[in-house]
Amino acid sequence: RRLTFCVGGVLLPRKTRCSIGEIYDNGTAEKPGWAGRMQSLRFNEEFGPVFIQEPDDTIFALDSDEKKVTMNCEARGNPQPTYRWTVNGTELDLSTGFRYSLTDGSLVITDPREETDSGRYQCQASNSLGSVLSREALLQFAYLGNFSNRTRGAVSVREGQGVVLMCSPPPHSPEITYSWVFNEFPSFVAEDSRRFVSQETGNLYISKVQPSDVGSYICLVKNMATGSRALSPPTPLTLRTDGIMGEYEPKIEVHFPQTVMAAKGLTVRLECFALGNPVPTITWRKLNGNIPKKARLRKSQAVLEIPNIQLDDSGSYECKAENYRGGNAFRGQLQVYTYPQWTSVINDTRLDSGEELQWECKATGRPRPLYRWLRNGTPLFPQSRVEMVNGELIIRAVRPTDSGMYQCVAENKYGAIYSSAELRILASAPTFQSSVVRLVATLGKDVSLECKPRASPKPTITWRKGDRRIQTLLLRNNSLRIVNATRADEGTYVCRAENQFGVTEMTTVLMVKEAMRVELSPARVEVTVGESVVLSCKAIHDPSLDVVFLWMHNRQPLSFHQGGGHFEYIQTQSSNADLMIRNILLKHAGRYGCRAQTSGDTVFAEAELLVRGPPGPPGIVIVEEITDTTATLSWSRGMDNHSPISSYNLQARSPFSLGWQTVRTERVIGDMESAVAVDLNPWVEYEFRVVAINAIGTGDPSAPSRVVRTKEAVPSVAPTNVSGGNGRRHELVISWEPVSEEFQNGEGFGYIVAFRANGTRGWKEKMVTSADSTTFKYRDETFPPLTPFEVKVGVYNNKGDGPFSKVVTVYSAEGEPREPPTEVSAAALSSSKVQVTWKAPNPAPGRPFGYEVSYWKEAESEESAGKLKTTGSETSIVLGDLDGNTPYLITVKGYNSIGQGPASSPVYATTMKSPPSRAPSNLMWIQEGENVSLGWEPVKAMDNESVIIGYKVLLRQEGRNNSQEVRTRSPSAVLTLPEGGTYIIEVRAVSEGGEGAVSAQVRLLTSSGVRAKSGQWSLHSLPWGSVWTLLLLAPLVP
C-alpha cells in the first residue's frame, strides 16, 4: 500500500493526509496544520478562509444608551476573505438602508429593532479558494414592560387557610426574578416554611394564613439582563370574619415540570411547595438512587438545588409534602443534555488528481449528534463519487473541481458545531529549490546525493553521471548513495524529475577530500574545586575547507552565555579552538567533547575532567536505637569527590533549636558509618543528619532522618525567677518562670509549690498540674498582710519528682486600699472646669497606687458618672468639659493593683455660668507712630452668662504664631507695635465662666501708616468721656 510522509519523518497510514502547506518532497512533507498555513504566508501561498472570531449569542437592552449592536466575525485567508451575513436563513442586503454595515467582517446594526432584527445570525467568509460558515448566534432583545395600572381586587381568606397571590408579570425578555413587598418598599416578604415565592410562576404562596399576614402585597420583578425593575399594583389580603379554617392535608400548589431538561454543567433548581394546615414539611428523594451530595436544600426545603449538573444526576425525583393530617407527593424526570463536542476533526488535505479523499469527524453529545457536510457553505449530498456515512466523507477519484472549503457539522437539538478544512487537488510540474548543488565527500566514507523535487503528482526520478545513466545504489527516497568514496567518484551528477506536467533537472557537483583528524589535549585531567583548566582542540584537515568547532559537555552543547562565566571559547588559529573553564565547580566534572566540522566531514574527540572537591551528601540516615539522652545513628557513604573522607559531623534539629546544631559524639573518622549522639534532652523530637569532611572542605549535608522522640526521664531543670507578692488581702501569691517544654522530660509535667511562714519548720506543698502555669495563690484568713514566707518551686512528671528551686522570701498581699481619702473638696474654676483636692488616707496595708475621681450631674444617677484617674501621690485634679451653671456630685477612691478602695462621701460643686456669647463690636482705633489707641463697645452679659470682669486683647504679627496679650477692665487699650509689618488685633470679653467669643480681626500696616483695608468709612461715638481731635477712625471690615 502507498504511504504518506509528514513532518519529522513520521510514517503514517495511507488514510492520513498531510496538511495545507505540505508538499511532496520525494516522500517527505513539511509544516502540517495551521503552522503550514503560516509557512504558506511566508511563501505568499494562497489558502482558504479560517475563522479567528465567530459571532456569539447577544442580548441587547432596548433601553440602552448604546444604539448599536455588533455581531463579531473575522477570518484569515489569502486572498483576504469577504463576508456575507444571513438572519434566520435569509441573506442580509447590506447595500440597502443605513442600519446595517460591516466593520472588517463584523456586522454592525444601528438602531436595532426587535420586530425586524431578532433571530439567528450566521457569517460566511469567502475567498477564491472557497467559503466557510460560522456558527449561528442568537440576537435577543431585553426589555421589561410595566404592570397594568388596573386596581387589583382584595383577596379575603379565613385564618388558617392557604392562599396564592398572583404576580401576572408584564411583558419581558429574557428571564426575570421575582420578590414580594409587604405594605411598603423596601419591606420584603421573608420566605420560610409558611411563605414561598416561586421563581417559575412569580406567585406568592402562603400555606397557612395568620393575622400578621393581613396587609398589602406588591410583586417586584427584575430583568436580569438590564437590571430594570417594575412594581405591580398592590393586592390587599384580608381575613374573613366567618370563622377559622380547620386543619387539612397538604395540597401541592407549585412543583417542577413533569420533565426537566438541563444542560450539563449548569445549576438546576427544582421547586415544590404546598398549602396545608398545619404547615406542611417538604422532603425530597431520588427514586433510582441517592440525591447527589453536592445538592443543597433552599428556602425551607422548598427548592432542591443541584449545581454543576452531570449525566449521572439524571433520574426521577420526588418531593413530598406532609403534615399529620396526611401527605401529597409529586414526581418528575430530570434529564441532562450536552451540547455536541468534537472528539475528532478534519484537517486540511492535499491530494493528487484521481486519489481518494477519506475524512472522518466524530463528536459526543446527548442526544447523539447527527452529521451533515458543507462545501463552500452549501450542503453536500451523496453522489456517484461522494459517500457520507455517520460523520465520514469519501470522495473517490478526486478532480480539481473538488477543491474548496469543506465543513463537517455535528448537531443535536441543543446546538451545532463546525469543523473546517481545505481540500486542494494538486497538479504541478517538478521544480527544485536550487538547480546546482556542490557537495564535499570524505575519502573512504559513504555519501548520499539527495533528489527532492516539488511536484504533483509524484514524479519519476532518474540519475546520470555525464552521459552514463546510473541505476544502482538508489535509495527508497530516490537519493543516490556512493559507498567508500574515492577520487574517481568526483564529478557532475544529474537528477531528472518528470511527471505529466513537465520535466526538470538538478546538478550535484561532488568533490572527494582527505579525512579530517582531531587532537584533544589533555585527554584526562584532575583539578580541585576553584581551579581553572584549558582544553585544546586541533583539527588536521584539507586546507581548502573551512572548519567549525563545537564544544560539548557530556554530549550536550555548551552554552557560553548561560554558563555563569565559567566557560570561555578561545580560537587563536582557524584550525585550533581552546576551552577555558574558570573557577571549576563539582558539576563541571565529566567528559568534554570537541566536534570539528567541514563541509565534507565531521570528527568528534573527548577528554575526561575529574574534579576534586568537598564530599557529597551521605546516604539515608537511620536511627537504630534511641534512649532518653542518646541516639545511635547509621548512614551510607556518599561521593568523596576524589578526595578521601576524613571525618563526619553529626547534627540534630528539634522544635526548640535554632536550626541545625552539632551534637556531641565520639570522634567519627572517615571509614565509620555509625555513631552515638549523646547529651540529648529526654522526651524531645529530633531529626538527625550527617555531614562529611575531607581535605578540600565540608560537603553538603545528608537528607534528614525521620523524626524520633527520645525516651522519658525525671525532670532535671528547676523553675527560675521565683518571686511573688501582690494579690488580695490574706493571699500569698507565688510566681515563677515556667520550664520550657524542651526540659520537661516527659508527659504529666507539673509543679510542686512549697512554702512556710518564716520561723516555722514544716513545708506546705501544693501540686500545680498545668505545665504552662506561672503563678499559685494560697489564701488563709489567719495570716496578716505582708507576712514573710519561705518559698521554693519544684517539678515533676510521670517518671518522678525533679529538683526544687532555691528558697526565696515572698510576702503575703497587703490587699486593696481600706480607707477612703479625706478632706475632699471641689471648687469651680470656670463654666467647664472644677478643681478637686483631697488628702491621702493614713499609711496602712493596702497603699493606693493612685486615685479615681467620679463625677456626675445632680439630676442624674451615679451609674452615668464620668471617671478620671491620677497616678502616684497626686492629690488634686481638674475636671474639664463640664456643662456650665450645673451642680455636680464628686467622689474620690484609692486603687492599686489588687483593686479599688471605698469611695469618699460625695461633695457638691456648681460650675460657673457660661462666658459671654457676644463678641466685642464696633472696634475703632487711632494709629500714631508705633502706638495704637483701640476702643470698642462694652459687652453686656445675658442673664444665663457670667458677669464681665474685663477684656483680653491679643496682638500678633501676621505669619507668626506668638502673640502679645493685654488685659484691661475697660473697653479700651493702648498697644505698642514693636516693628514694621502687618499686625492682627483680636478682642475677647473675660468673665468668671471663661473667655467669650472673639471679635472680628483688625489688620494694621505700620511701615507706611496705611490703615486696615475697609470697604467703607464710618464714624462711631466713643464710650469714654475724653475728646480726641484730628482722629481718623477706621471701622473694621472683616
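In this predicted model, the unreviewed UniProt entry annotates "domain: Fibronectin type-III" over residues 617–713, 718–815, 820–914 and 919–1009. Take two of these spans. Residues 718–815 are 0% helix and 50% strand, with end C-alpha atoms 30 Å apart. Residues 820–914 are 0% helix and 51% strand, and their end C-alpha atoms lie 33 Å apart.

Now turn to the aromatic side chains. The whole structure holds 22 aromatic pairs. One of them is Y686 with F688, a stacked pair at 5.8 Å centre to centre and 25° between the planes. Y686 counts as buried, because its relative accessibility is 8%. F688 is buried too, at 0%.

W736 and Y751 form a tilted pair, with 5.3 Å between centres and 50° between planes. W736 lies in strand β66 and Y751 in strand β67, so this pair ties together parts 15 residues apart in sequence. W736 is buried, with a relative accessible area of 5%. Y751 is buried at 0%.

F755, F776, Y778, F783 and F789 form one aromatic cluster. K792 lies over the face of W763, 4.5 Å from the ring centre. K792 also lies over the face of F804, at 4.8 Å from that ring centre.

β39 gives the most, with four residues. The lining divides into 14 nonpolar, three polar and seven charged residues.

Notes. Residues numbered from 1 in each chain as written. Predicted model: local features only at pLDDT ≥ 70, side-chain atom pairs only at ≥ 80, totals over all residues. Heavy atoms only, no water. Helix = DSSP H or I, 4+ residues; strand = E, 2+ residues; numbered from the N terminus. Nonpolar A, V, L, I, M, F, W, Y, C, P; charged D, E, K, R; others polar. UniProt positions renumbered as here; feature names shortened; annotations may be inferred. Phe/Tyr/Trp six-rings, centres within 6.5 Å; stacked < 30°, edge-to-face > 60°. Buried < 20%, exposed > 50% of the residue type's maximum accessible area, 1.4 Å probe, protein only. Lys NZ or Arg CZ within 6 Å of the ring centre and 35° of its normal.
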